[in-house]
Amino acid sequence: MNLETLRARAQSFSEAVAREGYLAYSGHKPTAALQPIYAAYADVLSDDALALCVEDFRGTPPESEAHRAARMMLEWQVESQVSRAMAPLDEREIALEHDTVVRVADGREVPYSRVSIDIANTTDRGDRLALDAARAGVVASTFAPLRRERLQRERDTVERLDLADGYNATFSLLSGVPLADLATECTAFLRETDAMWSEVLGERLRAFGVPRSEATRSDALALFRVREFDDAFPGDRMEETIRRSCAEMRIDATAGGRITFDLADRPGKRSRAFCSPVQVPQEVYLVLRPHGGQADWGTFLHELGHALHFGYARADYPFEYRWLGDNSVTESYAMLFDHRLMDRNWLLRYTELGKTRTGAYLRFSAFEELHYLRRYCAKLLYETIAYGGETSWDALPDLYATMLTDATGFRYRPVDAFLDFDPRYYSTRYLRAWQLQAVLDAALTERFDVDWWRNPAAGPWIVEQLFAEGQRETAAELAQRVAGTPIAFAPLLRRVESLLAA
Ligand SMILES: [Zn+2]
(Lines give C-alpha, C1' and ligand atoms only; values in the text may rest on other atoms or scores of the structure.)
Protein backbone atom coordinates (compact mmCIF):
# COMPACT_ATOMS: atom_id res chain seq x y z
CA MET A 1 0.00 0.00 0.00
CA ASN A 2 1.10 3.55 -0.71
CA LEU A 3 -0.41 6.89 0.28
CA GLU A 4 -2.32 7.25 -2.97
CA THR A 5 -4.11 3.92 -2.57
CA LEU A 6 -4.67 4.55 1.15
CA ARG A 7 -6.37 7.86 0.35
CA ALA A 8 -8.66 6.24 -2.21
CA ARG A 9 -9.50 3.34 0.09
CA ALA A 10 -10.03 5.74 3.01
CA GLN A 11 -12.53 7.69 0.98
CA SER A 12 -14.60 4.67 -0.01
CA PHE A 13 -14.42 3.39 3.60
CA SER A 14 -15.69 6.78 4.88
CA GLU A 15 -18.48 6.76 2.30
CA ALA A 16 -19.54 3.22 3.26
CA VAL A 17 -19.65 4.09 6.98
CA ALA A 18 -21.56 7.31 6.30
CA ARG A 19 -24.10 5.57 4.05
CA GLU A 20 -24.71 2.81 6.60
CA GLY A 21 -25.11 5.39 9.38
CA TYR A 22 -27.50 7.46 7.31
CA LEU A 23 -29.70 4.48 6.44
CA ALA A 24 -29.82 3.13 10.01
CA TYR A 25 -30.27 6.40 11.90
CA SER A 26 -32.89 7.74 9.50
CA GLY A 27 -34.99 4.62 10.00
CA HIS A 28 -34.51 3.14 6.51
CA LYS A 29 -32.71 0.11 7.99
CA PRO A 30 -33.21 -1.50 11.42
CA THR A 31 -29.54 -1.44 12.48
CA ALA A 32 -26.17 -0.23 11.27
CA ALA A 33 -24.05 -3.16 10.11
CA LEU A 34 -20.65 -1.60 10.72
CA GLN A 35 -18.65 -4.74 11.51
CA PRO A 36 -18.82 -6.02 7.89
CA ILE A 37 -17.51 -2.64 6.69
CA TYR A 38 -14.60 -2.75 9.15
CA ALA A 39 -13.88 -6.28 7.90
CA ALA A 40 -14.01 -5.31 4.23
CA TYR A 41 -11.67 -2.37 4.84
CA ALA A 42 -9.27 -4.05 7.29
CA ASP A 43 -6.32 -2.80 5.21
CA VAL A 44 -7.39 0.84 5.71
CA LEU A 45 -7.01 0.58 9.50
CA SER A 46 -4.05 -1.80 9.62
CA ASP A 47 -0.67 -1.43 11.34
CA ASP A 48 0.80 -0.83 7.88
CA ALA A 49 -1.62 2.01 7.20
CA LEU A 50 -0.79 3.61 10.54
CA ALA A 51 2.94 3.26 9.92
CA LEU A 52 2.52 4.87 6.51
CA CYS A 53 0.67 7.83 8.04
CA VAL A 54 3.26 8.27 10.80
CA GLU A 55 6.10 8.12 8.30
CA ASP A 56 4.44 10.73 6.07
CA PHE A 57 3.74 13.00 9.06
CA ARG A 58 7.34 12.82 10.33
CA GLY A 59 8.85 13.00 6.84
CA THR A 60 7.14 16.14 5.53
CA PRO A 61 8.50 19.62 6.35
CA PRO A 62 6.48 21.39 9.07
CA GLU A 63 4.41 24.33 7.72
CA SER A 64 4.23 22.68 4.28
CA GLU A 65 0.94 21.81 2.56
CA ALA A 66 2.06 18.17 2.45
CA HIS A 67 2.54 18.21 6.24
CA ARG A 68 -0.91 19.69 6.74
CA ALA A 69 -2.47 16.85 4.75
CA ALA A 70 -0.26 14.29 6.52
CA ARG A 71 -1.38 15.57 9.94
CA MET A 72 -5.04 15.18 8.93
CA MET A 73 -4.48 11.65 7.63
CA LEU A 74 -2.68 10.63 10.83
CA GLU A 75 -5.36 12.17 13.04
CA TRP A 76 -8.03 10.35 11.06
CA GLN A 77 -6.10 7.08 11.22
CA VAL A 78 -5.75 7.32 15.01
CA GLU A 79 -9.42 8.28 15.52
CA SER A 80 -10.61 5.46 13.30
CA GLN A 81 -8.41 2.89 15.01
CA VAL A 82 -9.70 4.06 18.40
CA SER A 83 -13.31 3.89 17.15
CA ARG A 84 -12.77 0.35 15.93
CA ALA A 85 -11.26 -0.67 19.27
CA MET A 86 -14.25 0.86 21.09
CA ALA A 87 -16.90 -0.63 18.77
CA PRO A 88 -17.75 -3.69 20.95
CA LEU A 89 -18.22 -1.42 24.01
CA ASP A 90 -20.32 1.01 21.98
CA GLU A 91 -22.52 -1.79 20.69
CA ARG A 92 -23.04 -3.05 24.25
CA GLU A 93 -24.01 0.44 25.34
CA ILE A 94 -26.47 0.95 22.46
CA ALA A 95 -28.15 -2.37 23.31
CA LEU A 96 -28.35 -1.39 27.00
CA GLU A 97 -29.76 2.04 26.17
CA HIS A 98 -32.44 0.28 24.19
CA ASP A 99 -33.35 -2.31 26.87
CA THR A 100 -32.94 -0.47 30.18
CA VAL A 101 -35.98 0.71 32.09
CA VAL A 102 -35.84 3.28 34.90
CA ARG A 103 -38.14 2.44 37.83
CA VAL A 104 -39.20 5.48 39.84
CA ALA A 105 -40.02 5.21 43.58
CA ASP A 106 -43.70 6.00 42.90
CA GLY A 107 -44.00 2.92 40.65
CA ARG A 108 -43.62 4.62 37.25
CA GLU A 109 -41.47 2.90 34.62
CA VAL A 110 -39.72 4.99 31.98
CA PRO A 111 -37.47 3.72 29.16
CA TYR A 112 -33.91 4.93 29.79
CA SER A 113 -33.73 6.50 26.31
CA ARG A 114 -36.65 8.77 27.19
CA VAL A 115 -35.72 9.74 30.72
CA SER A 116 -33.97 13.05 30.07
CA ILE A 117 -36.81 14.17 27.78
CA ASP A 118 -39.28 13.34 30.54
CA ILE A 119 -37.19 15.19 33.13
CA ALA A 120 -37.21 18.32 30.94
CA ASN A 121 -40.98 18.02 30.42
CA THR A 122 -41.93 17.37 34.07
CA THR A 123 -43.31 20.55 35.58
CA ASP A 124 -43.83 19.15 39.10
CA ARG A 125 -40.48 19.54 40.80
CA GLY A 126 -40.95 16.61 43.21
CA ASP A 127 -41.69 14.28 40.29
CA ARG A 128 -38.71 15.64 38.39
CA LEU A 129 -36.26 15.05 41.25
CA ALA A 130 -37.63 11.54 41.82
CA LEU A 131 -37.19 10.73 38.15
CA ASP A 132 -33.62 12.00 38.20
CA ALA A 133 -32.81 10.05 41.36
CA ALA A 134 -34.04 6.87 39.66
CA ARG A 135 -32.03 7.69 36.54
CA ALA A 136 -28.91 8.22 38.64
CA GLY A 137 -29.37 4.78 40.22
CA VAL A 138 -29.43 3.11 36.80
CA VAL A 139 -26.42 5.13 35.63
CA ALA A 140 -24.41 4.12 38.69
CA SER A 141 -25.07 0.41 38.25
CA THR A 142 -25.03 0.16 34.46
CA PHE A 143 -23.67 2.98 32.33
CA ALA A 144 -21.05 4.66 34.50
CA PRO A 145 -18.76 1.57 34.78
CA LEU A 146 -19.07 0.95 31.04
CA ARG A 147 -18.18 4.52 30.15
CA ARG A 148 -15.30 4.58 32.60
CA GLU A 149 -13.88 1.47 30.98
CA ARG A 150 -14.34 3.04 27.56
CA LEU A 151 -12.43 6.17 28.53
CA GLN A 152 -9.64 4.21 30.15
CA ARG A 153 -9.27 2.07 27.04
CA GLU A 154 -9.38 5.08 24.76
CA ARG A 155 -6.66 6.86 26.72
CA ASP A 156 -4.51 3.72 26.83
CA THR A 157 -4.97 3.04 23.11
CA VAL A 158 -3.85 6.55 22.15
CA GLU A 159 -0.94 6.63 24.61
CA ARG A 160 0.34 3.26 23.39
CA LEU A 161 0.83 4.75 19.92
CA ASP A 162 3.59 6.82 21.51
CA LEU A 163 3.26 9.77 19.13
CA ALA A 164 3.74 12.39 21.86
CA ASP A 165 4.11 12.57 25.62
CA GLY A 166 0.65 11.54 26.84
CA TYR A 167 -2.93 11.84 25.61
CA ASN A 168 -3.21 15.62 25.75
CA ALA A 169 0.02 16.30 23.88
CA THR A 170 -0.99 13.73 21.25
CA PHE A 171 -4.33 15.46 20.76
CA SER A 172 -2.71 18.88 20.28
CA LEU A 173 -0.11 17.45 17.90
CA LEU A 174 -2.65 15.71 15.66
CA SER A 175 -5.53 18.18 15.75
CA GLY A 176 -3.62 21.44 15.63
CA VAL A 177 -5.76 22.64 18.55
CA PRO A 178 -3.60 24.30 21.24
CA LEU A 179 -5.29 22.59 24.18
CA ALA A 180 -3.40 24.36 26.97
CA ASP A 181 -4.16 27.81 25.51
CA LEU A 182 -7.83 26.97 25.13
CA ALA A 183 -7.98 25.76 28.73
CA THR A 184 -6.45 29.06 29.89
CA GLU A 185 -9.07 30.97 27.89
CA CYS A 186 -11.85 28.89 29.44
CA THR A 187 -10.60 29.62 32.95
CA ALA A 188 -10.51 33.34 32.17
CA PHE A 189 -13.98 33.24 30.59
CA LEU A 190 -15.46 31.59 33.68
CA ARG A 191 -13.81 34.19 35.92
CA GLU A 192 -14.88 37.15 33.79
CA THR A 193 -18.51 36.06 33.51
CA ASP A 194 -18.95 34.90 37.11
CA ALA A 195 -20.71 38.00 38.43
CA MET A 196 -22.88 38.39 35.33
CA TRP A 197 -23.93 34.74 35.48
CA SER A 198 -24.70 34.89 39.18
CA GLU A 199 -27.01 37.84 38.67
CA VAL A 200 -28.94 36.54 35.68
CA LEU A 201 -29.22 33.03 37.09
CA GLY A 202 -30.60 34.41 40.37
CA GLU A 203 -33.33 36.31 38.49
CA ARG A 204 -34.29 33.34 36.32
CA LEU A 205 -34.45 30.89 39.24
CA ARG A 206 -36.61 33.26 41.26
CA ALA A 207 -39.05 33.48 38.36
CA PHE A 208 -38.88 29.69 37.92
CA GLY A 209 -39.64 29.17 41.63
CA VAL A 210 -36.60 27.07 42.55
CA PRO A 211 -34.42 28.16 45.49
CA ARG A 212 -30.94 28.94 44.28
CA SER A 213 -29.21 26.76 46.87
CA GLU A 214 -31.25 23.74 45.73
CA ALA A 215 -31.16 24.10 41.93
CA THR A 216 -30.05 20.89 40.20
CA ARG A 217 -29.08 19.92 36.70
CA SER A 218 -32.53 18.36 36.25
CA ASP A 219 -34.05 21.78 37.08
CA ALA A 220 -31.82 23.25 34.37
CA LEU A 221 -33.24 20.78 31.81
CA ALA A 222 -36.78 21.88 32.69
CA LEU A 223 -35.87 25.58 32.81
CA PHE A 224 -34.39 25.51 29.31
CA ARG A 225 -37.35 23.58 27.90
CA VAL A 226 -39.24 26.79 27.08
CA ARG A 227 -42.55 26.52 25.24
CA GLU A 228 -43.84 30.07 25.40
CA PHE A 229 -42.32 31.06 22.02
CA ASP A 230 -43.08 27.84 20.12
CA ASP A 231 -46.03 29.32 18.22
CA ALA A 232 -43.71 31.88 16.60
CA PHE A 233 -41.80 29.03 14.94
CA PRO A 234 -44.48 27.03 13.08
CA GLY A 235 -43.36 23.59 11.92
CA ASP A 236 -45.28 23.67 8.67
CA ARG A 237 -43.52 26.85 7.53
CA MET A 238 -39.99 26.00 8.68
CA GLU A 239 -38.52 24.46 5.54
CA GLU A 240 -40.06 26.97 3.14
CA THR A 241 -39.02 29.96 5.29
CA ILE A 242 -35.45 28.86 5.75
CA ARG A 243 -35.09 27.95 2.06
CA ARG A 244 -36.34 31.46 1.26
CA SER A 245 -33.85 33.02 3.68
CA CYS A 246 -31.02 31.19 1.88
CA ALA A 247 -32.35 32.27 -1.52
CA GLU A 248 -32.33 35.92 -0.41
CA MET A 249 -28.57 35.78 0.01
CA ARG A 250 -28.33 33.75 -3.19
CA ILE A 251 -27.46 30.38 -1.67
CA ASP A 252 -29.36 27.38 -3.01
CA ALA A 253 -30.43 25.48 0.13
CA THR A 254 -30.01 22.16 -1.70
CA ALA A 255 -26.61 23.09 -3.18
CA GLY A 256 -27.81 22.37 -6.70
CA GLY A 257 -29.69 19.24 -5.63
CA ARG A 258 -26.71 17.65 -3.86
CA ILE A 259 -28.39 18.03 -0.45
CA THR A 260 -31.49 15.94 0.32
CA PHE A 261 -33.80 17.04 3.15
CA ASP A 262 -35.21 14.11 5.09
CA LEU A 263 -37.64 15.84 7.44
CA ALA A 264 -40.47 13.30 7.53
CA ASP A 265 -41.45 11.48 10.69
CA ARG A 266 -40.65 7.77 10.42
CA PRO A 267 -40.52 4.92 12.95
CA GLY A 268 -36.93 4.12 13.88
CA LYS A 269 -35.69 7.59 12.94
CA ARG A 270 -33.33 8.98 15.54
CA SER A 271 -34.76 11.78 17.66
CA ARG A 272 -31.50 13.71 17.39
CA ALA A 273 -31.02 15.46 14.03
CA PHE A 274 -27.87 14.90 11.98
CA CYS A 275 -26.19 15.70 8.71
CA SER A 276 -24.70 12.81 6.79
CA PRO A 277 -22.23 13.52 4.00
CA VAL A 278 -22.28 10.23 2.08
CA GLN A 279 -20.22 11.66 -0.76
CA VAL A 280 -18.55 15.07 -0.47
CA PRO A 281 -19.78 17.20 -2.18
CA GLN A 282 -22.17 15.11 -4.34
CA GLU A 283 -24.51 13.39 -1.87
CA VAL A 284 -25.43 14.94 1.47
CA TYR A 285 -28.42 14.18 3.72
CA LEU A 286 -29.97 16.44 6.32
CA VAL A 287 -32.06 14.29 8.66
CA LEU A 288 -34.43 15.70 11.25
CA ARG A 289 -37.33 14.20 13.16
CA PRO A 290 -39.62 17.11 13.92
CA HIS A 291 -40.63 17.74 17.55
CA GLY A 292 -42.20 21.17 17.01
CA GLY A 293 -41.38 24.72 18.02
CA GLN A 294 -38.25 26.82 18.10
CA ALA A 295 -35.93 23.91 18.90
CA ASP A 296 -36.65 22.43 15.43
CA TRP A 297 -35.82 25.71 13.74
CA GLY A 298 -32.51 25.95 15.60
CA THR A 299 -31.67 22.34 14.79
CA PHE A 300 -32.60 22.69 11.13
CA LEU A 301 -30.49 25.83 10.74
CA HIS A 302 -27.57 24.12 12.50
CA GLU A 303 -27.67 21.00 10.32
CA LEU A 304 -28.19 23.14 7.21
CA GLY A 305 -24.92 24.96 7.97
CA HIS A 306 -23.16 21.57 7.98
CA ALA A 307 -24.98 20.35 4.87
CA LEU A 308 -24.16 23.47 2.82
CA HIS A 309 -20.55 23.27 3.92
CA PHE A 310 -20.25 19.70 2.60
CA GLY A 311 -22.48 20.30 -0.44
CA TYR A 312 -20.39 23.25 -1.61
CA ALA A 313 -16.92 21.81 -0.87
CA ARG A 314 -14.59 21.94 -3.87
CA ALA A 315 -14.91 18.66 -5.75
CA ASP A 316 -11.28 18.92 -6.94
CA TYR A 317 -9.87 19.05 -3.40
CA PRO A 318 -8.14 15.94 -2.05
CA PHE A 319 -9.92 13.56 0.31
CA GLU A 320 -8.28 15.14 3.38
CA TYR A 321 -9.64 18.64 2.78
CA ARG A 322 -13.15 17.46 1.86
CA TRP A 323 -13.58 14.83 4.59
CA LEU A 324 -11.10 15.44 7.39
CA GLY A 325 -9.57 18.39 9.24
CA ASP A 326 -10.64 20.57 12.13
CA ASN A 327 -14.33 19.99 12.88
CA SER A 328 -14.45 23.38 14.62
CA VAL A 329 -14.81 24.76 11.10
CA THR A 330 -17.94 22.83 10.13
CA GLU A 331 -19.39 23.40 13.60
CA SER A 332 -18.79 27.15 13.19
CA TYR A 333 -20.83 27.21 9.93
CA ALA A 334 -23.58 25.28 11.71
CA MET A 335 -23.49 27.83 14.53
CA LEU A 336 -23.33 30.78 12.13
CA PHE A 337 -26.68 29.55 10.80
CA ASP A 338 -28.31 28.57 14.12
CA HIS A 339 -27.25 31.88 15.69
CA ARG A 340 -29.70 33.64 13.36
CA LEU A 341 -32.13 32.79 16.16
CA MET A 342 -30.18 35.32 18.26
CA ASP A 343 -30.35 37.99 15.55
CA ARG A 344 -33.14 40.49 16.13
CA ASN A 345 -33.57 41.48 12.49
CA TRP A 346 -33.55 37.89 11.27
CA LEU A 347 -36.20 36.95 13.86
CA LEU A 348 -38.38 39.89 12.85
CA ARG A 349 -38.14 39.03 9.17
CA TYR A 350 -38.55 35.26 9.21
CA THR A 351 -40.43 34.27 12.39
CA GLU A 352 -43.75 35.27 13.92
CA LEU A 353 -42.27 36.58 17.17
CA GLY A 354 -43.13 40.16 16.33
CA LYS A 355 -41.71 43.30 17.91
CA THR A 356 -43.36 42.78 21.30
CA ARG A 357 -41.86 39.38 22.10
CA THR A 358 -38.48 39.58 20.38
CA GLY A 359 -36.75 41.32 23.31
CA ALA A 360 -37.88 38.70 25.84
CA TYR A 361 -36.89 35.92 23.45
CA LEU A 362 -33.41 37.39 22.91
CA ARG A 363 -32.81 37.84 26.65
CA PHE A 364 -33.74 34.23 27.24
CA SER A 365 -31.48 33.09 24.37
CA ALA A 366 -28.56 35.06 25.81
CA PHE A 367 -29.15 33.48 29.23
CA GLU A 368 -29.13 30.05 27.59
CA GLU A 369 -26.02 30.87 25.53
CA LEU A 370 -24.10 31.99 28.60
CA HIS A 371 -25.16 28.86 30.44
CA TYR A 372 -23.90 26.58 27.66
CA LEU A 373 -20.68 28.50 27.24
CA ARG A 374 -19.90 28.24 30.95
CA ARG A 375 -20.91 24.58 30.97
CA TYR A 376 -18.62 23.81 28.02
CA CYS A 377 -15.70 25.73 29.51
CA ALA A 378 -16.02 23.71 32.72
CA LYS A 379 -16.43 20.46 30.79
CA LEU A 380 -13.28 21.10 28.81
CA LEU A 381 -11.29 21.94 31.95
CA TYR A 382 -12.54 18.75 33.59
CA GLU A 383 -11.78 16.67 30.49
CA THR A 384 -8.20 17.96 30.31
CA ILE A 385 -7.72 16.70 33.87
CA ALA A 386 -9.37 13.35 33.12
CA TYR A 387 -7.32 12.78 29.96
CA GLY A 388 -4.22 14.30 31.57
CA GLY A 389 -3.79 11.19 33.69
CA GLU A 390 -2.44 12.78 36.86
CA THR A 391 -5.69 12.41 38.80
CA SER A 392 -6.92 8.95 39.73
CA TRP A 393 -10.06 7.63 38.02
CA ASP A 394 -11.68 7.29 41.47
CA ALA A 395 -11.20 10.98 42.24
CA LEU A 396 -12.73 12.19 38.95
CA PRO A 397 -16.48 11.92 39.78
CA ASP A 398 -16.32 14.33 42.72
CA LEU A 399 -14.08 16.67 40.79
CA TYR A 400 -16.53 16.67 37.87
CA ALA A 401 -19.50 17.46 40.11
CA THR A 402 -17.65 20.32 41.83
CA MET A 403 -16.36 21.91 38.62
CA LEU A 404 -19.65 21.74 36.72
CA THR A 405 -21.72 22.86 39.73
CA ASP A 406 -19.43 25.84 40.34
CA ALA A 407 -19.58 26.92 36.69
CA THR A 408 -23.32 26.54 36.11
CA GLY A 409 -24.91 27.10 39.53
CA PHE A 410 -26.88 23.86 39.05
CA ARG A 411 -25.96 20.88 41.22
CA TYR A 412 -24.37 18.09 39.18
CA ARG A 413 -24.11 14.44 40.23
CA PRO A 414 -20.72 12.68 40.47
CA VAL A 415 -22.29 9.63 38.85
CA ASP A 416 -22.47 11.44 35.48
CA ALA A 417 -18.72 12.09 35.36
CA PHE A 418 -18.02 9.55 32.60
CA LEU A 419 -21.28 10.02 30.66
CA ASP A 420 -21.26 13.78 30.34
CA PHE A 421 -17.94 13.58 28.55
CA ASP A 422 -17.08 14.27 24.90
CA PRO A 423 -14.69 11.56 23.70
CA ARG A 424 -11.67 12.74 21.69
CA TYR A 425 -12.17 16.30 22.91
CA TYR A 426 -15.13 17.16 20.71
CA SER A 427 -15.82 19.90 23.28
CA THR A 428 -12.78 21.79 21.92
CA ARG A 429 -14.42 21.86 18.48
CA TYR A 430 -17.63 23.36 19.88
CA LEU A 431 -15.77 25.97 21.91
CA ARG A 432 -13.60 27.06 18.99
CA ALA A 433 -16.62 26.96 16.66
CA TRP A 434 -18.44 29.34 19.02
CA GLN A 435 -15.47 31.70 18.87
CA LEU A 436 -15.08 31.41 15.10
CA GLN A 437 -18.80 31.90 14.46
CA ALA A 438 -18.63 35.28 16.20
CA VAL A 439 -15.61 36.27 14.09
CA LEU A 440 -17.39 35.22 10.88
CA ASP A 441 -20.56 37.07 11.84
CA ALA A 442 -18.53 40.24 12.45
CA ALA A 443 -16.63 39.83 9.17
CA LEU A 444 -19.87 39.32 7.23
CA THR A 445 -21.44 42.34 8.94
CA GLU A 446 -18.46 44.48 7.98
CA ARG A 447 -18.61 43.37 4.33
CA PHE A 448 -22.34 43.00 3.77
CA ASP A 449 -23.99 44.96 6.61
CA VAL A 450 -25.93 43.83 9.70
CA ASP A 451 -28.47 42.00 7.58
CA TRP A 452 -25.82 40.19 5.53
CA TRP A 453 -28.08 37.13 5.48
CA ARG A 454 -30.36 38.85 2.95
CA ASN A 455 -27.67 40.51 0.90
CA PRO A 456 -27.47 38.85 -2.55
CA ALA A 457 -23.70 39.39 -2.59
CA ALA A 458 -23.15 37.55 0.72
CA GLY A 459 -24.15 34.03 -0.34
CA PRO A 460 -21.70 33.66 -3.22
CA TRP A 461 -18.92 35.04 -0.99
CA ILE A 462 -19.75 32.54 1.77
CA VAL A 463 -19.78 29.69 -0.75
CA GLU A 464 -16.47 30.63 -2.39
CA GLN A 465 -14.50 31.90 0.59
CA LEU A 466 -15.79 29.54 3.28
CA PHE A 467 -17.70 26.43 2.18
CA ALA A 468 -15.57 25.63 -0.88
CA GLU A 469 -12.44 25.30 1.24
CA GLY A 470 -13.77 22.24 3.07
CA GLN A 471 -11.70 21.92 6.24
CA ARG A 472 -8.30 22.62 4.77
CA GLU A 473 -7.61 25.27 7.42
CA THR A 474 -7.92 25.14 11.19
CA ALA A 475 -10.42 27.48 12.88
CA ALA A 476 -7.63 29.88 13.86
CA GLU A 477 -6.17 29.99 10.33
CA LEU A 478 -9.58 30.63 8.85
CA ALA A 479 -10.23 33.54 11.23
CA GLN A 480 -6.87 35.05 10.28
CA ARG A 481 -7.54 34.77 6.55
CA VAL A 482 -11.10 36.08 6.67
CA ALA A 483 -10.94 38.70 9.42
CA GLY A 484 -7.26 39.13 10.28
CA THR A 485 -8.04 38.39 13.93
CA PRO A 486 -7.42 35.52 16.32
CA ILE A 487 -10.39 33.54 17.62
CA ALA A 488 -11.31 34.44 21.19
CA PHE A 489 -14.21 34.63 23.62
CA ALA A 490 -14.26 38.46 23.69
CA PRO A 491 -16.69 39.07 20.77
CA LEU A 492 -19.02 36.36 22.08
CA LEU A 493 -19.02 37.90 25.50
CA ARG A 494 -19.84 41.35 24.15
CA ARG A 495 -22.74 39.90 22.21
CA VAL A 496 -24.16 38.06 25.24
CA GLU A 497 -23.84 41.22 27.34
CA SER A 498 -25.67 43.37 24.80
CA LEU A 499 -28.46 40.79 24.36
CA LEU A 500 -28.96 40.41 28.10
CA ALA A 501 -29.52 44.16 28.21
CA ALA A 502 -31.85 44.08 25.16
ZN1 LIG B 1 -22.97 20.34 14.61
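The following questions and answers walk through one predicted model, from the whole chain to single residues.

Trainee: What should I know about the numbering and the cut-offs before I start?
Mentor: Residues are numbered from 1 along each chain as its sequence is written, and side-chain values use heavy atoms, with hydrogens and water left out. As this is a predicted model, local features need pLDDT of at least 70 and side-chain atom pairs count only at pLDDT 80 or more, while totals for chains, interfaces and linings use all residues.

Trainee: How many helices and strands does the chain have?
Mentor: Helices (H or I, at least four residues) and strands (E, at least two) are DSSP runs, numbered from the N terminus. Counted in this way, the secondary structure of the chain comes to 20 helices and 5 strands.

Trainee: What radius of gyration does the chain have, and what would a compact globule have?
Mentor: The radius is taken over C-alpha atoms, and the globule rule is 2.2 Å times the number of residues to the power 0.38. For 502 residues a compact globule would have a radius of gyration near 23 Å, and the chain agrees with this, having 23 Å.

Trainee: What percentage of the residues of the chain count as buried?
Mentor: Buried means under 20% relative accessible area, exposed over 50%, and partly exposed in between, with a 1.4 Å probe and protein chains only. By that rule, the buried part of the 502 residues is 55%.

Trainee: What share of the contacts in the chain with a separation of 6 or more comes from residues 24 or more positions apart?
Mentor: A contact means heavy atoms within 4.5 Å. Among the contacts with a separation of 6 or more, the share from residues 24 or more positions apart is 76%.

Trainee: Why is strand β5 described as largely enclosed by the rest of the structure?
Mentor: Strand β5 covers residues 283-287. In a regular strand the side chains alternate between the two faces of the sheet. Here both faces are covered, with Glu-283, Tyr-285 and Val-287 buried on one side and Val-284 and Leu-286 buried on the other.

Trainee: Which strand runs parallel to β5, and which pairs with β5 in the antiparallel sense?
Mentor: Two strands pair if DSSP finds at least two bridges between them. The parallel neighbour, residues 259-262, is joined to β5 by 4 bridges, and the bridge partner of its Phe-261 is Leu-286. The antiparallel neighbour, residues 274-279, has 5 bridges to β5, and there Ser-276 stands opposite Tyr-285 and Gln-279 opposite Glu-283. The parallel strand is β3, and the antiparallel one is β4.

Trainee: Which peptide bond is cis?
Mentor: Most residues other than glycine have a negative phi, and most peptide bonds are trans. A hairpin joins β4 to β5 through 3 residues, and Pro-281 has its place in the loop between these two strands. With omega near 5°, the cis bond is the one from Val-280 to Pro-281.

Trainee: Is Asp-162 buried or exposed, and what is its relative accessible area?
Mentor: Asp-162 is found in the loop between α6 (125-160) and α7 (167-175), and it has a positive phi of about 60° although it is not a glycine. Asp-162 is exposed, because its relative accessible area is 58%.

Trainee: Is Arg-424 buried or exposed, and what is its relative accessible area?
Mentor: Arg-424 lies in the loop between α16 (396-408) and α17 (426-448), and its phi is near 55°, a positive value in a residue other than glycine. Arg-424 is buried, because its relative accessible area is 10%.

Trainee: How far apart in space are Leu-286 and Phe-274?
Mentor: Leu-286 lies in strand β5 and is buried, with a relative accessible area of 0%. Not counting residues up to four places away in sequence, Leu-286 touches several residues, among them Thr-260, Phe-261, Phe-274 and Phe-300. Leu-286 and Phe-274 are 12 residues apart in sequence, and their C-alpha to C-alpha separation in space is 6.2 Å.

Trainee: Which residues is Ser-365 in contact with, leaving aside its neighbours within four places in sequence?
Mentor: Ser-365 lies in helix α15, residues 354-388, and is buried, with a relative accessible area of 8%. Leaving aside its neighbours within four places in sequence, Ser-365 is in contact with Leu-341 and Met-342.
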